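Colleague: Could we go through this model together? I would like to begin with the sulfur bridges.

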Amino acid sequence: MGIRARLAGLAATCCVALALTAPAAAAPLPGDFFGLAAPDSFDASPAFQQWLLGDQKAVGGQVMRQIFDWSRIEPARGGYDWAAYDSFMTSTSQAGMDVLATVGWPAAWASRCPSGPNPWSCPPASYADFGRFVAALIGRYGPEGSFWTANPSLPKRPIEAWQLWNEPNLRGLWGGAPNAAEYSEMLKAAAPYIRAADPNAEIVSAGVPNSYLSGAVPMTAYLEAMYAAGAQGAFDTLGLHVYCETPACSIGLVESARSIMNAHGDEDAPIWVTEMGWASAGRAYRFVTDLEGQAANIGELMGELVARHEELGVRGLVQYMWHDLSPQTNSTDSHWNHVGLTYLDYTHKPAWTAYRSHAIDTAPPETSIDSGPSGSGNGPSASFEFSSTEAGSDFACSLDGDAAQPCVSPQAYTGLADGPHTFSATATDPH
């Protein structure tokens, strides 16, 4: 948050003293960078939701990722039931929490497999119908939404980011046959409806995992196929789900996605990690560790992606999920029941503390000047090396009290006049 420097007692040219300067402007994190998902609490009472949102704010959550279930909101064509989502938006607005809406799950009338056992798991029969549905959501909860007009006493926190579908590279979420070209056509068909409803809306692609499930399309292959099908421009932000064995592996998925995007000229499009996490119990699986391992992995992943958010173009991280659905002692059930930051009774796991330590950063970085000229009579040139205790910090340097300018270590100066000079370096972390 702030700036401090630890001086090494070095000297440059003749008689150089080291001093502090004012903070430099770092590349800040977006205001909705840290997110959470709590789908099991959606139908809770308003009072419980308010308590829950208070704890989610306390851990540093800034945005809730919530499924906007098409089959629930529009069970029959043209007939909208807003009640549950009005209640949810009331709770989040009162809590001061933003919402990332993930839209999907068609009813039978809108599904490509209307007579199947799970119509919600198939793509839309009409991509235009899907686009009209998202536009209807914007008309209800977007910046000019009727919900806000009808509830003027609520703090207005409209939905501005819309994620279209979830994990379409899995068989179970694209009618049994993932197809990046089809998904791209849906994006391209829906985008004009969204742009017309809210020209400033952020269109986020579905979160794409690198799954080993049978029939799943690997993440890199799916992204390449999306670009080959012309998806670029139909979304503003790429969604990723970075489940992997280790934090390094998860970061590697972000690096791979960034490389593919850059290769296709999409350098300016950010990445939103809309699901991340590990399980602290459950039957053995590649995402399963223990309580300490879950906390350590979450902390390492968050620390690295915060530090490299500008380099990798990461605009947000969403922890999936908030709450365990089974006792920690259960070692035989699904790992998805153990990926929460809280136990079954909503008390805090070690991962809660790890998440908070990165989402709420009140510790300023320490800046060290590590090397430079010593003594006097060193001539008209000088070079300094410096570092920060927080990875991802930006630096600013000043010579002789001039305005601090962005710099990187080592910083060299030439043409210095005889006499004493003062060099200073300051660090600002991403928070």
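**Disulfides, core and backbone**

Modeller: The torsion about the S-S bond of cysteine 397 and cysteine 407 is about 75°, so this disulfide is right-handed. A disulfide here is a pair of cysteine sulfur atoms within 2.5 Å. This is a predicted model, in which local features need pLDDT of at least 70 and side-chain atom pairs count only at pLDDT 80 or more, while totals for chains, interfaces and linings use all residues. Residues are numbered from 1 along each chain as its sequence is written, and side-chain values use heavy atoms, with hydrogens and water left out.

Colleague: Where do cysteine 397 and cysteine 407 sit in the chain?

Modeller: Cysteine 397 is in strand E14 (residues 394-399) and cysteine 407 is in strand E15, 10 residues apart. Helices (H or I, at least four residues) and strands (E, at least two) are DSSP runs, numbered from the N terminus. The S to S distance of the pair is 2.0 Å.

Colleague: Are cysteine 397 and cysteine 407 buried or exposed?

Modeller: Cysteine 397 is buried at 4% relative accessibility, and cysteine 407 is buried as well at 9%. Buried means under 20% relative accessible area, exposed over 50%, and partly exposed in between (1.4 Å probe, protein chains only).

Colleague: How many disulfides are there in the whole structure?

Modeller: There are three. Cysteine 113 is joined to cysteine 122, with S to S at 1.9 Å, and that link is right-handed, with 105° about the S-S bond. Cysteine 244 is joined to cysteine 249, with S to S at 1.7 Å. Cysteine 244 is buried at 2% relative accessibility, whereas cysteine 249 is partly exposed at 27%.

Colleague: And what is the pairing, with the bonded cysteines numbered in sequence order?

Modeller: The pairing is 1-2, 3-4, 5-6.

Colleague: Changing topic, which residues have the most contacts inside the largest nonpolar core?

Modeller: They are Phe68 and Tyr183, in a core of 89 residues. A nonpolar core is a set of buried Ala, Val, Leu, Ile, Met, Phe, Trp, Tyr and Cys residues joined through side-chain atoms within 4.5 Å.

Colleague: What is tyrosine 183 in contact with?

Modeller: Leaving aside neighbours within four places in sequence, tyrosine 183 is in contact (heavy atoms within 4.5 Å) with several residues, including Leu164, Trp165, Pro168 and Tyr222.

Colleague: What is the phi of tryptophan 165?

Modeller: Phi is near 80° there, a positive value in a residue other than glycine. Tryptophan 165 lies in the loop between strand E6 (161-164) and helix H6 (180-197), and is buried at 3% relative accessible area. Tyrosine 346 also has a positive phi, near 75°; this residue is in the loop between E11 and H11.

Colleague: Which peptide bonds are cis?

Modeller: The bond from tyrosine 320 to methionine 321 is cis, with omega near -5°, and methionine 321 is in the loop between strand E11 (314-320) and helix H11 (350-359). The bond from serine 409 to proline 410 is cis too, with omega near 0°.

Colleague: Lastly, at what angle do helix H8 and helix H9 pack?

Modeller: Helix H8 (residues 247-263) and helix H9 (residues 291-307) pack at about 35°, with their axes 9 Å apart. Axes are lines fitted to C-alpha atoms, for helices over the stretch in contact, and angles run from 0 to 180 degrees between N-to-C directions. Among the residues making the contact are Ile251 and Val254 of H8 and Leu301 and Leu305 of H9.
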